[in-house]
Amino acid sequence: MTADRSSVDVLDTPEAGALVVRGGAVRVLGFALGTVLSLGGVVAVTRHLGVVDYGRYQSVTALVAIVTALGDLGLGTLALREFAQADASSREHALDALLGLRVALAVVGVCVSAGAAAVLGYDGAMVAGAALASGAGVLLAGQQTATVPLQTALRIGTVTALDVARQAATTALMLCGVAAGAGVLTFLAIPVPVAVLLVVLTAAALRGTRRPRPRADRTLWPRLLREAVLVGLATASGVLYLYASLIVCGLATSEHQTGAFSASFRVIIIVAAVPALLGTSAFPLLARTASSAPERFGRAVSGLIEGSVLLGGVAAIGAILGAPAIIAVIAGSGFDDSIAPLRIQGAALGLTFAISGLGFALLARHRQRVLLVCNLLVFVVSAVAVALLAHAHGARGAALGAAIGEATLCAAYALALTRGAPGIHPSRVPRIVLALAGGLAAGALIPVPAVPATILGLLVYGALAYLLRAIPPGLRALVR
């Protein structure tokens with residue numbers, strides 16, 4: 001992180017693109033593994049605590065998550081951009097200031113979480129649990145900031161290993177708590193030892209380099225806060241319109257239809273985390289080239305969009321053709337009305353994956369004001385569409401309204417980016433769409449159950465994408 005330029009200049013080398021592609025693949029695999037690990041712990045804790053205590057546990061967890069998200073102000077993304085774009089002489093100073101700011105905000109978050117829990121009338125164990133869980137956030141703010149040099153050096157495998165270690169440690173402690181007959185407070189305190197472990201592992205990963213030290217900087221903090229507020233609002237509004245569709249559906253239609261939409265919505269939210277991982281992996285390269293190398297920036301953004309849409313096609317086929325099987329596993333036979341909404345939202349997953357790449361490209365170019373305006377516009381469009389369509393057609397209408405919001409946001413992002421950054425030409429997207437149509441047709445026209453239909457659709461999609469040369473060169477090299 002200091003004079004070792006090999007950990008910084010990799011962003012300026014021709015190998016950076018290939019490292020981003022491989023790193024993105026590793027992040028997706030790590031996400032899948034982490035999801036499987038976390039499900040084991042969640043299932044065990046849910047059954048152990050029962051309905052009432054699990055409700056108490058989740059209430060505190062949700063409160064802490066909201067306070068943490070609002071309090072961090074998007075400083076994680078801002079730290080990546082600042083470090084990637086700063087010159088070698090100012091990187092350390094900027095990262096130290098960012099670390100100090102994140103830790104200070106996290107400390108405030110501890111007080112806010114505990115205070116909010118008390119105001120909401122939570123019992124003593126829940127208030128103490130809120131303070132402990134938020135206290136872990138102070139350690140995690142430092143740990144996540146310390147990984148910035150690893151991410152900008154494109155050591156994405158190391159960052160992924162840390163994420164998987166977090167999930168594994170959390171699940172292991174949850175299972176130990178279940179075996180010991182622990183109560184709600186114990187499970188709320190689990191993030192503390194996990195955060196300590198991550199700090200130790202991150203320090204080991206940074207061995208031989210200078211580790212960031214929290215610093216209060218009166219000259220840099222005001223600028224960082226101004227930037228962070230806009231970045232935080234832009235990213236938060238991007239989440240707002242998604243969750244607003246579920247709230248509006250509940251107001252516009254019956255409880256049964258809202259429940260049906262909720263099941264499909266939960267599946268889409270889980271899948272939507274994948275393009276965010278891809279965008280995060282590529283963000284240091286985008287930030288580095290956004291101002292200094294416009295041609296490389298255009299190629300990097302084009303490749304990210306093509307790769308994201310290609311992977312989004314896989315998700316779309318899985319959601320559309322595999323909807324009956326997915327709902328049966330996730331929700332059970334009583335949620336058959338969730339199958340159609342999942343298929344409708346699944347059809348828009350390619351757009352969801354493209355939106356992530358476009359959004360990170362705009363952030364790299366300091367266009368957070370544009371992001372905020374686009375997201376607020378789509379919030380209105382999506383809320384109105386969901387309200388009208390859900391009232392008329394229930395869960396299916398809500399899903400269609402949410403898909404309309406995704407299409408609007410994708411178009412708005414694309415227009416904003418291409419007008420300000422010429423040279424972005426994701427020319428393989430039409431061929432990807434053609435391959436996707438072929439895969440869906442193959443799986444839908446042959447009368448077989450959902451799982452075989454999905455496998456067939458994916459095989460045809462992959463074969464057509466390869467034959468049509470719809471796979472970006474970086475992914476082709478990775479496959480070989």
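Leaving out neighbours up to four places away in sequence, V20 is in contact (heavy atoms within 4.5 Å) with L154, S281, A282 and L285. This is a predicted model, where local features need pLDDT of at least 70 and side-chain atom pairs count only at pLDDT 80 or more, while totals for chains, interfaces and linings use all residues. Residues are numbered from 1 along each chain as its sequence is written, and side-chain values use heavy atoms, with hydrogens and water left out.

**Helix α1 and its reach**

- V20 is found in helix α1; helices here are DSSP runs of H or I with at least four residues, numbered from the N terminus.
- At 12% relative accessibility, V20 counts as buried, a label given under 20% relative accessible area, with exposed over 50% and partly exposed in between (1.4 Å probe, protein chains only).
- The C-alpha atoms of V20 and H393 are separated by 43 Å, and the two residues are 373 residues apart along the chain.
- Helix α1 covers residues 16-72 and also holds G34, which is buried with a relative accessible area of 4%.
- G34 and S254 are 220 residues apart in sequence, and their C-alpha atoms are 35 Å apart in space.

- Most residues other than glycine have a negative phi.
- L154, one of the contacts of V20, is not a glycine, yet its phi is positive at about 60°.
- L154 sits in the loop between α5 (148-152) and α6 (156-180), and L154 is buried, with a relative accessible area of 7%.
- R469, also a residue other than glycine, has a positive phi near 55°.
- The loop that holds R469 runs between α18 (450-467) and α19 (473-479); R469 is exposed, with a relative accessible area of 53%.

- Helix α11 (residues 273-292) has 20 residues and reaches 30 Å from its first C-alpha to its last, close to the 28 Å expected at 1.5 Å a residue; the expected span is 1.5 Å times one less than the number of residues.
- A282, which is in contact with V20, marks a bend of about 45° in α11, and the proline P284 follows within four residues. The bend is the angle between axes fitted to the seven residues ending at a residue and the seven starting there.
- α11 is mostly covered, with 15 of its 20 residues buried.

**Helix α4, with a kink**

- Helix α4 (residues 124-146) has 23 residues that should span 33 Å at 1.5 Å a residue, and its end C-alpha atoms are 34 Å apart, which agrees.
- A kink of about 25° in α4 is centred on L139.
- Buried residues of α4 include M126, G129, A130, A133 and S134, as well as Q143 and A146.
- At the start of α4, a side-chain oxygen of D123 comes to within 3.2 Å of the backbone nitrogen of A125. This is a polar contact, a pair of N or O atoms within 3.5 Å; within protein, one must be able to donate a hydrogen and the other to accept it, and residues adjacent in sequence count only if both atoms are side-chain atoms.
- T202, in helix α8 (residues 191-205), touches Q143 and A146, along with T147 and L162, not counting residues up to four places away in sequence.
- T202 counts as buried at 2% relative accessibility.

**E306 and its neighbours**

- E306 has its place in helix α12 (residues 294-321) and is buried, with a relative accessible area of 3%.
- A polar atom of the E306 side chain lies 3.1 Å from the backbone nitrogen of S427.
- Not counting residues up to four places away in sequence, E306 touches H425, P426, S427, R428, V429, I432 and P472.

- A search of the whole structure finds two aromatic pairs. Rings of Phe, Tyr and Trp (its six-membered ring) pair if their centres lie within 6.5 Å; planes under 30 degrees apart count as stacked, over 60 as edge-to-face and the rest as tilted.
- F261 and F265 form a tilted pair, 6.0 Å centre to centre with 40° between the planes.
- Both F261 and F265 lie in helix α10 (residues 255-271), four residues apart, about one turn of the helix.
- F261 is buried at 0% relative accessible area, and F265 is buried at 4%.

Terms used. Helix = DSSP H or I, 4+ residues; strand = E, 2+ residues; numbered from the N terminus.
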